Amino acid sequence: MSDEYSIVMYHGEFNKSRCGYCKKENTCNSHGMTAHVMAVNDYQDLIDRGWRRSGTFCYKPTNATTCCPSYTIRCDALNFKLSKSHKKILKRMNKFLRDGIKECGEKESAHDGESDVASEPQMIPPASATKIDISKIVNKLPKGSDRPPSESAHKVEPSQAMESGDSLPRSAGQNMSKPPCKKAKVLRLERKQAKMAQREAEGISVQPLAKAPKNVEKSLEDFLGEQPVDGKHKLKIKLVCATSREFLSSVEREYELYQKYQTVIHREPPEDVDEFQSFLQHSPLQLKLNSTSPPKGYGSFHQQYWLDDRLIAVGVIDVLRNCVSSVYLFYDPEFSFLSLGTYSSLREIAFMRELQKSCPELKYYYMGFYIHSCPKMRYKGKLQPSYLLCPEVYTWHLITEDLLKKLDRSKYSRFNEDEQARDKDEFQLRHLESVVCLYDNTIMYFEDYIHLHAGDEERRLTLEYGRLVGSPCSRRILLYKN
């Protein structure tokens with residue numbers, strides 16, 4: 001059992017809603033639930049089964065029937081390779097910071113569709129904002145069973161929950177007060193050369209050294225480390241916890257930027273841009289900060305991009321057990337020429353690689369959904385190596401030409417070609433009685449709850465929920481019953 005509570009209210013299936021990708025009416029199908037509170041480990045397991053959060057609302061597309069099948073995509077950040085396009089974007093940013101001049105031919109209002117993080121479809125949960133007082137929960141499960149811990153186990157000290165955010169941890173070679181550091185390989189070779197020169201001076205026979213390698217390919221961190229120290233502009237990236245005082249002090253500036261982004265880039269009427277709090281500010285994830293966590297902990301964060309004293313972009317991310325998960329990016333349309341969508345993705349990959357130095361389990365960068373039927377969303381597959389989640393067996397599959405051709409032939413596909421392969425966490429009918437429920441502030445198994453509220457509809461919905469979240473999560477996450 002995890003160290004924190006997760007409490008969700010399952011709403012069932014949402015059929016025939018408007019699609020946020022193809023914009024068609026009555027064609028989008030998904031299942032949804034509201035997360036009142038969510039442990040980071042539980043959310044990691046949910047996104048590995050095709051779920052994704054929008055604020056506190058979690059949804060899982062019904063890929064077999066929806067108009068635009070949405071496949072969870074993740075990049076192997078530790079083995080990520082820069083493309084020519086990525087290098088061009090990094091150089092363009094460094095040149096702008098150094099000279100303050102836009103590249104020839106770039107227009108201020110230009111919008112690079114490939115680098116834009118397109119808006120996710122907005123699922124609207126039922127108007128059931130039930131408030132749950134966790135302090136009143138009573139655990140009635142038998143001792144020794146696989147059940148949620150006591151209420152004290154998931155408390156977060158105020159000093160942790162309200163910790164103010166600091167600057168983004170810098171990678172090697174990213175100290176802006178010093179010139180870019182030499183690569184470790186070059187430093188080792190120089191030390192070896194000096195040592196052998198000394199031995200030769202002392203009359204000791206030595207073998208000739210190989211010359212230093214030429215045209216050594218630069219890493220992502222090398223490009224980021226070339227950001228000028230005394231250029232025309234300074235770019236600072238601040239990582240702030242979504243519950244910190246520093247975030248609350250800057251939330252008005254974030255909201256103004258979000259409004260500008262939605263009305264200009266996504267052409268939404270100003271009166272419709274009112275979902276900032278529910279979509280981006282509120283998160284069900286509990287801050288998890290301990291001796292084995294990243295410096296700021298696991299949870300929800302905002303990466304704020306400050307150009308001099310101006311907020312030009314915000315990347316909303318979740319730091320989970322195995323990954324950094326991108327939630328959304330919004331930016332000032334005035335700086336579209338910098339391809340901030342792609343630039344922020346590269347920054348988030350570098351951020352994950354920095355965290356991995358202290359947290360070895362962190363390996364992946366999740367980009368939400370890959371929608372092959374929506375050309376504007378295919379840019380995500382260009383971060384290589386990246387993998388798509390099989391919607392039936394929940395195994396990961398490298399994006400190759402063959403896999404893309406398969407999606408060209410059929411927009412819904414099972415990627416695992418082994419017909420005998422099964423979901424290892426498959427929820428079966430026999431698991432129904434052990435689903436953990438929360439009813440009337442009391443934790444109980446579904447077999448006990450159903451005695452109080454017998455009904456075929458309750459059984460059907462709970463069985464549907466179990467099959468969507470998987471057997472392990474159904475025994476950990478508290479399914480709220482009202």
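Contact means heavy atoms within 4.5 Å. Keep that in mind for the close-ups below, which all come from a predicted model.

**View 1. Leucine 220 and its neighbours.** Which residues does leucine 220 touch, once neighbours within four places in sequence are set aside? The list is Phe80, Leu82, Leu90, Leu346, Ile349, Ala350 and Arg353. Leu220 is also among the residues with the most contacts inside the largest nonpolar core, along with Met33, Leu46, Phe330, Leu388 and Tyr465. That core has 104 residues. Helix α8, residues 340–356, gives the largest share of this core, with eight residues. Apart from it lies another core, of 13 residues, with Tyr5, Ile7, Val37 and Ile134 among them. As background, nonpolar side chains in soluble globular proteins tend to be buried together.

**View 2. An open sheet of eight strands.** Read across the sheet and you get the order β3-β4-β2-β1-β16-β14-β15-β6, with mixed pairing. Which strands stand at the edges? They are β3 (52–54) and β6 (138–139), and each has a single partner strand, so one side of each has no neighbour in the sheet. Inside the order, β1 pairs with β16 (residues 478–481) in the parallel sense, over two bridges. Look for isoleucine 7, whose bridge partner in β16 is leucine 478. Helix α11, residues 456–469, packs on the sheet and touches β1, β2, β4 (57–61) and β16. The direction of α11 makes about 95° with that of β1.

View 3. Serine 17 sits in strand β1, which covers residues 7–17. Is serine 17 buried, exposed or something in between? Its relative accessibility is 23%, so serine 17 counts as partly exposed; the buried label needs under 20%. Leaving out residues up to four places away in sequence, serine 17 touches Lys24, Glu25, Asn26, Thr27 and Cys28. Serine 17 and asparagine 29 are 12 residues apart in sequence, yet their C-alpha atoms are 6.7 Å apart in space. Lysine 23 is in the loop between β1 and β2 (28–37). Lysine 23 counts as partly exposed because its relative accessibility is 45%.

View 4. Most residues other than glycine have a negative phi, and most peptide bonds are trans. Now meet the exceptions. Lysine 23 has a positive phi of about 65°, although it is not a glycine. Serine 339 isn't a glycine either, and its phi is positive at about 50°. You'll find serine 339 in the loop between β10 (323–331) and α8. Serine 339 counts as buried because its relative accessible area is 2%. The peptide bond from glutamine 384 to proline 385 is cis, with omega near 0°. Proline 385 lies in the loop between β11 (364–370) and β12 (386–389).

**View 5. Two buried cysteines.** Cysteine 75 has 0% relative accessibility, so it counts as buried. Cysteine 241 comes in at 7%, so it counts as buried too.

**View 6. Zooming back out.** The protein chain has 12 helices and 16 strands. Buried residues make up 52% of its 482 residues. Take the contacts between residues at least 6 apart in sequence: 71% of them join residues at least 24 apart. The accessible surface comes to about 23,400 Å², and 49% of that belongs to carbon and sulfur atoms.

Key
Residues are numbered from 1 along each chain as its sequence is written. This is a predicted model: local features need pLDDT of at least 70, side-chain atom pairs count only at pLDDT 80 or more; totals for chains, interfaces and linings use all residues. Side-chain values use heavy atoms; hydrogens and water are left out. A nonpolar core is a set of buried Ala, Val, Leu, Ile, Met, Phe, Trp, Tyr and Cys residues joined through side-chain atoms within 4.5 Å. Buried means under 20% relative accessible area, exposed over 50%, partly exposed in between (1.4 Å probe, protein chains only). Helices (H or I, at least four residues) and strands (E, at least two) are DSSP runs, numbered from the N terminus. Accessible areas come from the Shrake-Rupley method with a 1.4 Å probe; for residues, only the protein chains shown count as cover. Two strands pair if DSSP finds at least two bridges between them. Axes are lines fitted to C-alpha atoms, for helices over the stretch in contact, and angles run from 0 to 180 degrees between N-to-C directions.
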